[in-house]
Amino acid sequence: MEILRLIIDYVSAFVLPTIIVGFPLYGLYKKVPVYEVFVEGAKEGFNVAVMIIPYLIAILFAIGMFRASGALDFMMEGLRPVLALIGIPAEVIPMGIIRPLTGSGSAAIVLDMIGEFGEDSILVKMAATMFGSTETTFYVIAVYFGAVNVKKTRHAVPAGLLADFFAMFAAVYVVILLFG
Amino acid sequence: MLNYIWGGLIIFSLVFALVYDIRDFATDTYRNGQPLPVTMTFPDGYQAGERRQNVEVRLDPEGYGVFYGTNERPAAVYDGVLIQTADGRQLRFAEDASVPEPLATIRSFTSSRDNDLRGTVGGFAVQPGISQASGTVLFNPVRWVKLNAIAGAALDFAETAVTIALSLIGGIALWMGLLQIAGASGILYALIRVTQPLIRPLFPEIPKDHPAFGMIVLNLTANMLGLGNAATPLGIKAMQELQTLNTTEDTATNPMVMLLAMNTASVQIVPPVLLVAIMGLQINQLFFSILITTTLSLIVAIVSTKLLGRLKRYRDTDPNRPSQNEPASEGNPSTEAPE
């Protein structure tokens, strides 16, 4: 298993340089005017980024307000007894709620938890596993749909949140199984 | 759904902020208008004519707890400055001193720019030369903390959003350029032919050999390898390719939703850079727990996308549904979209 991890480490280190150098190199070999083609494609970068802005503002400011209002503490208190029934420790609940909303916020939570419980604690392992195994759902939705101006997202949000919700439970149980 | 979540976030922010502020109001958390007893020590003796002089501030721990009704306790001693102004004497705690709650909130509320807690001094009987004196400090009143906080957060995050979006320009441009070369030189088509059989079942609506497959594969691979900076531009490019198959302008198609769900569940074999930075070497222990969890959540994302897609409300809004009038055919409405 150690070997497998080593291989993955190496692959992930090499894949970017390979693509960045390999694509133009292969283009040259195929007699593509690589410079001209690259610039033609890269032109889009600015427009796409600007297109994303309104979507990102809409999502981020609402999330920022929600965090600043202290609503999280209320939600935690409400969810604590319910989640305790199925074996979810109260300490990891903030992570479960924050993870789909903001990446930097969840990083801050992991840091706080390390300070409070120590690096080796099982609670930190649960929180870090949650962090590592899902993405910031609302950010991804804002950026990806924003880039093509799609406003009606249909079942993207429920599907993404279902996966996040499930990942919260899975993280707790998997960590208990592996380290408990 | 996004409309309700978005509206909910905003409305609940206001509701919770009001609840907190009214509770503060009712319990008088910040003791507005009531002076806090303090003891000041003058290391060089008190000088009457001096406009500003250094002092050491001591707060009685038990008295502090009773005064604010809190379990927090102040440090033994704080550095501070006593300043003589036209309106009387003002005590300023040292910048960024680690004061306990609720003083920390009072500081961030009344002196957010300099971050030094300051209050008006009262009741000191000082004569030149003495080294210690007891008295009180009165802080400016603190009200509607959370309401101010949510308004501030809204503006802050709007700015952050622009910063984030603009910081993506370079990465997006680089990848758009590289992908343009990949398309022109034919690498993309080689990639599509190899990987298509693997992912076509998840995206049955995309016509065979469509460039979108190449982008999707590159996006998912970058995600797996923890290359977040490359994954986002590749995902955007994939969305653009999918948008060319969209018959509407503003409604997500089934493949788009699937790509989104797979990205939010994020198949990460290599943990994200941020987490590695936080956890250091500890991350090695978590390799398998993350791998198992992320794989399980990916499966849930795929299955729930497929199942939710069968609900009537989502079938009816599918931009590529077979016809406006007749009901959608069983399972996936496979549409070979027009060019």
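Predicted model: local features only at pLDDT ≥ 70, side-chain atom pairs only at ≥ 80, totals over all residues.
**View 1. The side of chain A that touches chain B.** The contact between the two chains draws on 87 residues from chain A and 91 residues from chain B. On chain A, at least two residues each come from helices H1 (2-29), H2 (34-42), H3 (44-68), H4 (71-85), H6 (103-117), H7 (122-133), H8 (137-147) and H9 (156-179), and of these H3(A) gives the most, with 19 residues. By residue class, this side of chain A divides into 58 nonpolar, 17 polar and twelve charged residues.

**View 2. The fold and outline of chain B.** Chain B contains eleven helices and six strands, and its C-alpha atoms fill a box of roughly 90 × 45 × 40 Å along the principal axes. Its radius of gyration is 31 Å, whereas a compact globule of 339 residues would have a value near 20 Å. Of the 339 residues in chain B, 37% are buried. Where contacts in chain B link residues at least 6 apart in sequence, 58% of them join residues at least 24 apart.

**View 3. The largest nonpolar core and a separate one.** The largest nonpolar core has 127 residues, and those with the most contacts inside it are Leu56(A), Ala127(A), Ala142(A) and Ala261(B). Helix H4 (residues 145-185) of chain B gives the most to this core, with 16 residues. Another core, of 17 residues, lies apart from the largest one and includes Val55(B), Tyr78(B), Val99(B) and Leu103(B).

**View 4. The surroundings of Ala142(A).** Leaving aside residues up to four places away in sequence, Ala142(A) touches Ile52(A), Tyr55(A), Leu56(A) and Ile59(A). Both Ala142(A) and Leu56(A) are among the residues with the most contacts inside the largest nonpolar core.

Definitions and conventions. Residues numbered from 1 in each chain as written. Chains lettered and ligands numbered in written order. Contact = placed C-beta atoms within 7 Å. Helix = DSSP H or I, 4+ residues; strand = E, 2+ residues; numbered from the N terminus. Nonpolar A, V, L, I, M, F, W, Y, C, P; charged D, E, K, R; others polar. Rg over C-alpha atoms; globule rule 2.2 N^0.38 Å. Buried ≥ 20, exposed ≤ 12 C-beta atoms within 10 Å, placed from the backbone. Core = buried A, V, L, I, M, F, W, Y, C linked by C-beta atoms within 7 Å.
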